[in-house]
Amino acid sequence: KALGVKVTDDNGANIFLLYHFVLLIISLLFSYKIAVFLKLNLKTKILFFSALYIILPILKKFTYLPVNTDITAYTIGIASLYYFLKKNKFGLTILWVLGSFAFPSMIYSGALLVMFSESKDRIVFFDKYQFIITRSITILLVGLFVLGVAWITNTDYRSAANSQTLHHKYLFFSFTLMLIYLYRLFRYMDYTNALGLLINKKHIVWIVFATTIFILIKLTIKQLGYYSLVNVNSSETYLKAILYGSIVNPLTSLVGHVAFYGPMLLLVVIFWKGISKEINRLGISYFTFICLFFILSIGRESRQFINAWPFLVLPTIIYLNKKDFSWRFIILLVVLSFVYSKFWFQINLPEMHIKNGLLRNPAQRFFMMNGAYMSYKTYNLHIIIELLTYCLIMVALYFEKPGKEVFYKLKKYVSQE
């Protein structure tokens with residue numbers, strides 16, 4: 001309005017594009033500040049910016065589908081990461097409130113970042129039972145997943161129209177792989193430190209403050225918010241959707257996430273044990289934030305976690321910054337990132353339409369970028385490409401000093417088995 005531009009259907013998308021480009025410039029400034037704060041070396045800086053900006057949602061998807069709040073959530077996520085590192089609770093609170101009106105999950109994730117003081121004190125008592133606590137909580141989370149799958153099976157839940165449906169032929173295989181995925185994901189998390197910090201009296205003030213803000217935001221949204229006919233705001237519907245989606249195909253969630261965020265996620269898988277230690281060192285707020293999105297990550301729709309992606313990149317980069325990778329390996333990762341970003345891929349064709357359904361061509365040229373709407377054919381294509389990429393990275397790591405650690409641990413594990 002300040003520029004005298006009329007908001008009409010004809011130029012609405014262009015207004016959003018301009019808005020997103022401004023936001024991305026702001027996010028770049030915050031990303032640069034984070035890189036400086038962490039004192040990253042040049043190679044790691046390249047990996048850092050590659051992981052944040054040479055990805056499908058930035059180089060391809062938002063320019064094709066600009067009328068949404070994904071880039072808003074992404075920018076707020078990067079800014080929140082910076083204010084977290086600077087221990088600026090005021091900045092985090094402002095971003096939390098703004099984000100809550102832009103992206104559904106941010107009302108919860110923002111609360112976790114603000115709710116706890118970042119005390120470094122440890123309760124030694126819990127450390128004595130670290131193995132028992134860690135395994136018990138991991139088994140509990142895996143057990144809850146099993147109960148969840150049983151629940152949706154008994155309720156005869158089916159996914160929304162036009163998305164993937166359960167592939168019964170591979171159901172047992174899909175279920176087993178998801179159990180392994182969840183167990184490996186949570187087994188290295190330091191729950192003893194989190195439990196110790198939770199009973200710290202220093203948290204009480206922040207918990208009361210965050211709870212009050214949370215309730216006020218919820219009441220405001222309830223009074224003024226628009227609820228769609230799909231009723232995606234129902235917690236029960238959302239929980240059923242992510243549980244159902246996790247077993248539609250073998251590791252369908254992980255396949256979709258790698259396709260969306262690129263090869264950096266494969267590095268997370270490879271170096272997960274070391275990266276999880278970095279997450280544990282970042283404090284209870286960070287720990288609970290990451291755990292929340294790990295639970296939600298069993299869902300297929302990767303864009304729902306776009307605000308959390310920078311928070312997974314950070315501990316990965318901190319870990320990789322300690323390693324001595326060659327320029328050959330850095331260039332390989334950047335090239336693979338460009339390939340996975342699909343910046344080179346033409347979506348629009350003269351015959352582009354969706355009348356044959358979202359899971360058929362030519363609509364799949366766009367909808368294969370969303371894990372929930374990959375057809376079986378494009379899912380198979382993605383998993384083959386990702387396995388080849390994984391093998392390529394492993395071969396490249398074999399000739400790298402940091403990669404020797406991976407192969408040594410793998411060899412030791414196989415020999416023990």
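This is a short tour of the structure, stop by stop.

The model is predicted, so local features need pLDDT of at least 70 and side-chain atom pairs count only at pLDDT 80 or more, while totals for chains, interfaces and linings use all residues. Residues are numbered from 1 along each chain as its sequence is written, and side-chain values use heavy atoms, with hydrogens and water left out.

**Whole chain**

Show the whole chain as a cartoon. The chain has 21 helices and 0 strands; helices (H or I, at least four residues) and strands (E, at least two) are DSSP runs, numbered from the N terminus. Of its 417 residues, 52% count as buried. Buried means under 20% relative accessible area, exposed over 50%, and partly exposed in between (1.4 Å probe, protein chains only). The chain exposes about 21,500 Å², and carbon and sulfur atoms supply 68% of that area. Accessible areas come from the Shrake-Rupley method with a 1.4 Å probe; for residues, only the protein chains shown count as cover.

**Helices H5 and H6**

Select residues 89-100, helix H5, and residues 106-115, helix H6. The two pack at an angle of about 170°, with their axes 8 Å apart. Axes are lines fitted to C-alpha atoms, for helices over the stretch in contact, and angles run from 0 to 180 degrees between N-to-C directions. H5 and H6 are therefore roughly antiparallel to each other, a label for angles over 145 degrees. Now show side chains: among the H5 residues that meet H6 are Leu92 and Trp96, and H6 contributes residues including Ile107 and Leu113. Contact means heavy atoms within 4.5 Å.

**Helix H13**

Select residues 252-261, helix H13. Here 10 of the 10 residues are buried, so H13 is largely enclosed by the rest of the structure. Pick out His257, which is found in this helix. His257 counts as buried because its relative accessibility is 5%. Leaving aside residues up to four places away in sequence, His257 touches Gly262, Leu265, Ser297, Gly299, Arg300, Ser302 and Phe305. Gly262 follows H13 and has a positive phi, near 90°.

**The nonpolar patch**

Switch to a surface view and select Leu42, Ile46, Leu59, Trp327, Ile331, Val335, Phe338, Val339, Phe343 and Trp344. They form a nonpolar patch on the surface, with about 940 Å² of accessible area together. The elements giving two or more residues to this patch are helix H2 (42-53) and helix H18 (327-341). H18 gives the most, with 5 residues. End on Val339, which lies in H18; at 42% relative accessibility, Val339 counts as partly exposed.

Technical notes
Patch = residues over 30% accessible without salt bridge, like charges linked within 9 Å, V, L, I, M, F, W, Y side chains within 5 Å. Salt bridge = Lys/Arg side-chain N within 4 Å of Asp/Glu carboxyl O. Parallel < 35°, antiparallel > 145°, perpendicular 65-115°, else oblique.
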